[in-house]
Amino acid sequence: MDALIEAGNQADRKRRRSYGPPKDPSVPQPRDSPFDSKDKGKEPAKRPAKTDEKVDAVVASISRNTTVPRNLSKLGSKTPRTELKVENNKFTPWAFQHKLHHQARWREEAQEALEDAEILKTEERGMMAAEGLMERTFKMTQDDIVNSIGEEQRRYRKEWKLDGGAYRSRYTRNGRHIAIAGKRGHVASFDWLTGKMHCELELRETCRDITYLNDHSHFAVAQKQHVYIYDQQGIELHRLREHIDITRLEYLPYHWLLVSVGNPGVLRYHDTSIGHVVATHKTKLGACQSMTQNPHNAVIYLGHQNGTVTLWTPNLDEPAVKLLAHLGGVTSLSVDPSTSGRYLATSGMDGKVKVWDCRNWKGCVREWEQRGTGHAEVEWSQKGFLGVASGGTVNVYIPPSILTEHRGGPPLYLTHPIPHRPLTSARFCPYTDMLTIGHANGLSSIIVPGAGEPTFDSSEVDPFESKKMRREREVHNLLDKIQPDLITLDPDFVGTVAEPEAQDEFADPLHVPSHRLPRWEKLKRAGMPDPGMTPASASEAKKASGKGHDDDDMELGYSA
């Protein structure tokens, strides 16, 4: 019997401690049973200090037996977390506030993880290196490279035999998908890593170029008469009638601009977010067969048949820079992304490859004769490797030998023969050591060790992004869209304040040009009264001005 009474008292105390309201000292509490001799001799528990605030019984019972996870507590992080302040909390749903606070915390954690990852990047990038003085890296064939690398990297070496004519290719910004276009009308878009085909079209007309828009879900094709936009399934969405007889296409991702140039020699900027042409420039230099963009400042580079290279922006009707680069027509252009668009590589029909410094156009930094005959295609990689496809070979050069003086051409880093002529395009795959060459019989991908950037910023581009992540990124890019008027040669110029012009207070107003004078000075010089002046003041000002001129004439005559 005593045991049953003791067990009931313990259960009652436990129930009151877990679910009951806090004890109030002013209200008499029930005493313990005299049979409970287990707690005798112990000090009574200290009661919490009485506060003036009204305590909620439910909140107190939950908080007494609940703890905050360490990853969400302020003490668990290295740095104090900043709380997001939301205005008008009265009208903001609690769930939305909770989501905003968590997003702020996630951004801080991602920034801390990024800083920690920078410390771990201590190794050097992988490249081929010769062990002895008699060894050369360009003697390594693709079979030797494939046999010495892992199974994952062996998939980069591929040969696509196609019968659609001379092919041109284009990769997405994350380097996961590739779009190809044959001259006879064969167009395809697929994931080259997994081999998944998105779409394949037989257009049965001439296709000159292809490019992706924001991602692999849309791409544009320069066909015989107009430019057409297709979706991921190959369905025709738009026909851009303003773009006529186009030969080259480029897409500016931060401005949402599709840029085209063709045989008429007209450069057009088409805003894909609103569907309107925002700028049209007549180059007045004939048909254009080569075009590229500077990823640093979004300036368009055009190569013309008379050997000139012009730089264009949407807000200027004339080229910002006009350069005589070759004695023959310019066949290919490419800007180095590893140096923030500092160097430009050009190839011409005169058989030369030249490298220019975009900060100083006085002369080329380096020039050499191309290996082989025919039109050459040049392309820079993310690490500054320069690929030149000419004749029946593909040659790759590495920095800093590209910019230093050597007898003849710079030393070769890698070479690969391709018997299928002509070689019509060369594209480095982003974030991968792979170079894709388009030729008359399809496409060939070769491995170039050290050409790609090994790390990527997942907030900018992510090769492994899901469908939800891609949609979120597309919405954020549209909200962060940059206006075309902000494209300049110097992107750091945007946001700066112009310095005031130095003016001489003692300068003679008679020697100042009239277009620099204010309105009242122009009227005063012409002898006309200001419309805001009264008739009396106007007559006095006219007399004063006439008297001043008479005095000046007298002084001049006296000095003579």
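1. Strands themselves are DSSP runs of E with at least two residues, while helices are runs of H or I with at least four, and both are numbered from the N terminus. With that in hand, look at strand 17, where L323 is the bridge partner of V309.

2. A word on what you're looking at: this is a predicted model, where local features need pLDDT of at least 70, side-chain atom pairs count only at pLDDT 80 or more, and totals for chains, interfaces and linings use all residues. Residues are numbered from 1 along each chain as its sequence is written, and side-chain values use heavy atoms, with hydrogens and water left out.

3. Four strands make an open sheet in the order 14-15-16-17, with antiparallel pairing. Strand 14 (288-293) and strand 17 (321-324) are its edge strands, as each pairs on one side only. On average, neighbouring strands here are turned by 20° against each other, direction ignored (axes are lines fitted to C-alpha atoms). Strand 16 (residues 308-312) and strand 17 run antiparallel and are joined by four bridges.

4. What holds such strands together? Strands of a sheet pair through backbone hydrogen bonds, either parallel or antiparallel.

5. Next, strand 18 (residues 330-335). Six of its six residues are buried (under 20% relative accessible area, with a 1.4 Å probe and protein chains only), so strand 18 is largely enclosed by the rest of the structure. Five bridges link strand 18 to strand 19 (residues 343-348), and the two run antiparallel. Within that pairing, S334 sits opposite A345 of strand 19.

6. Have a look at T432 too, in the loop between strand 26 (425-428) and strand 27 (434-439). T432 has a relative accessible area of 9%, so it counts as buried. Which residues does T432 touch, leaving aside neighbours within four places in sequence? They are Y156, W192 and G452, with contact meaning heavy atoms within 4.5 Å.

7. Finally, the loop between helix 5 (467-479) and helix 6 (519-526), which holds I482.

Technical notes:
Buried < 20%, exposed > 50% of the residue type's maximum accessible area, 1.4 Å probe, protein only. Pairing = 2+ DSSP bridges. Axes fitted to C-alpha atoms, helices over the stretch in contact; angles between N-to-C directions.
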